[in-house]
Structure formats: structure tokens, C-alpha cells
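Please keep the sequence and the model at hand while reading.

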Amino acid sequence: MNIVVLSGSPRKGANTDTMVEAFAETAREGGHTVEVVRVAGKKIAGCLGCQYCFTHEGTCVQKDDMADVIESLKGADMVVFASPIYWFDITAQEKAAIDRLYAFGATGFPFTKTALLLDSHSEGVYDAAIAMYKSTCA
Ligand SMILES: Cc1cc2nc3c(=O)[nH]c(=O)nc-3n(C[C@H](O)[C@H](O)[C@H](O)COP(=O)(O)O)c2cc1C
């Protein structure tokens, strides 16, 4: 499988990177291709909800780094959402990238498998992120 990880921690080499590297290493050992995209290091604005993408074959009206992310995702069988918990949810940077996946609404999503990787300081802080993930994927 071709797996793309959208990683939402702004801190390089920190906890989320360690978690993502462990996942990627194991997946590669299993014969999968893994591309890690650090969305928190990119300029990705929030979705405008303008629905321009619905009449322009999935192309977003906003010209920023999400265009490259969308291109990577077009070849993905699986997308992994990885994020630290910020105030009981995924980071704003990860959420901005997920919101922009709205552009696939017109054309259909190329990937059929997903996963969620979360890390945090405390236990028991994942409910909101898991609820969003499950409902979005459903
Ligand atoms: C703005 C901010 C908000 C955070 N909110 C929470 C939280 O609500 N619950 C929690 O357990 N940890 C929280 N943390 C801690 C991070 O989730 C935790 O340290 C995580 O491992 C950081 O990932 P990183 O090393 O990739 O940056 C917060 C950290 C930051 C910077």
C-alpha cells in the first residue's frame, strides 16, 4: 500500500515525530511505501467553505501548500492522521489540513483506509479527537 501520513506537530524531532517514525518504519518493513507530510510546517489556510472545488474538479480556490498535499494524497491507498493533543483535540494545523480535504468531496476520495495516531501529556484526553475522526471517516 501507498501510505501518506499527515503529521500535525509543529515541533520537529519531538514526540509525534517519534511516534510517526515508529509507525513508518514498521509499515516499510511490511512492504508498504510511506510518505510523511509535516502539515504543521506548511502554509495551509483554513477551508473557506466556498465550494469552488465542487465546480472545479477538486481544485481549491486558495493557492497555498495544500495543493502539494492533495497531489500526494491522490496516489494514496491509506491516510494516517497523526497529531499531538492540544487542548483535548488535534492541533489547529492538522485540523486545517483535514478541513481542506473537502476538495475531494466533488471527485471522491482516492484512499480507502485511514488511521489515527495521537499523543499527549496526560491520559484520557482523546475523546474529542477520536469522535471527530470516527464521524469524519464514516
Ligand atoms: C498548546 C498545547 C496544548 C496542549 N494540550 C494538551 C491537553 O489538552 N492534554 C494533554 O494531555 N496534553 C496537552 N499538551 C501536551 C502535548 O499533547 C504533548 O506534550 C505532546 O506529546 C506534544 O507533541 P510534540 O512533542 O510532537 O510537540 C498540549 C501542548 C501544547 C503545546
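## Aromatic pairs

The model is predicted, and a search of the whole structure finds 5 aromatic pairs. One of them joins Phe-104 and Phe-111, whose ring centres lie 6.2 Å apart and whose planes meet at 90°, so this pair is classed as edge-to-face. Phe-111 also pairs with Phe-109, again in an edge-to-face arrangement, with 5.7 Å from centre to centre and 65° between the planes.

A pair of aromatic rings is described by the distance of the centres and the angle of the planes. Taken together, Phe-104, Phe-109 and Phe-111 make up one aromatic cluster.

## Burial within the cluster

Because buried means under 20% relative accessible area, Phe-104 counts as buried at 4%, and Phe-111, with a relative accessible area of 9%, is buried as well. Phe-109, by contrast, has a relative accessible area of 46% and is therefore partly exposed, since that class lies between 20% and 50%.

## A threonine in a loop

Where does Thr-91 lie? Thr-91 is placed in the loop between β3 (78–84) and α4 (92–100). Its relative accessible area is 0%, so Thr-91 is buried.

When residues up to four places away in sequence are not counted, Thr-91 touches Gly-8, Ser-83, Pro-84 and Tyr-86.

Technical notes
Residues numbered from 1 in each chain as written. Predicted model: local features only at pLDDT ≥ 70, side-chain atom pairs only at ≥ 80, totals over all residues. Heavy atoms only, no water. Phe/Tyr/Trp six-rings, centres within 6.5 Å; stacked < 30°, edge-to-face > 60°. Buried < 20%, exposed > 50% of the residue type's maximum accessible area, 1.4 Å probe, protein only. Helix = DSSP H or I, 4+ residues; strand = E, 2+ residues; numbered from the N terminus. Contact = heavy atoms within 4.5 Å.
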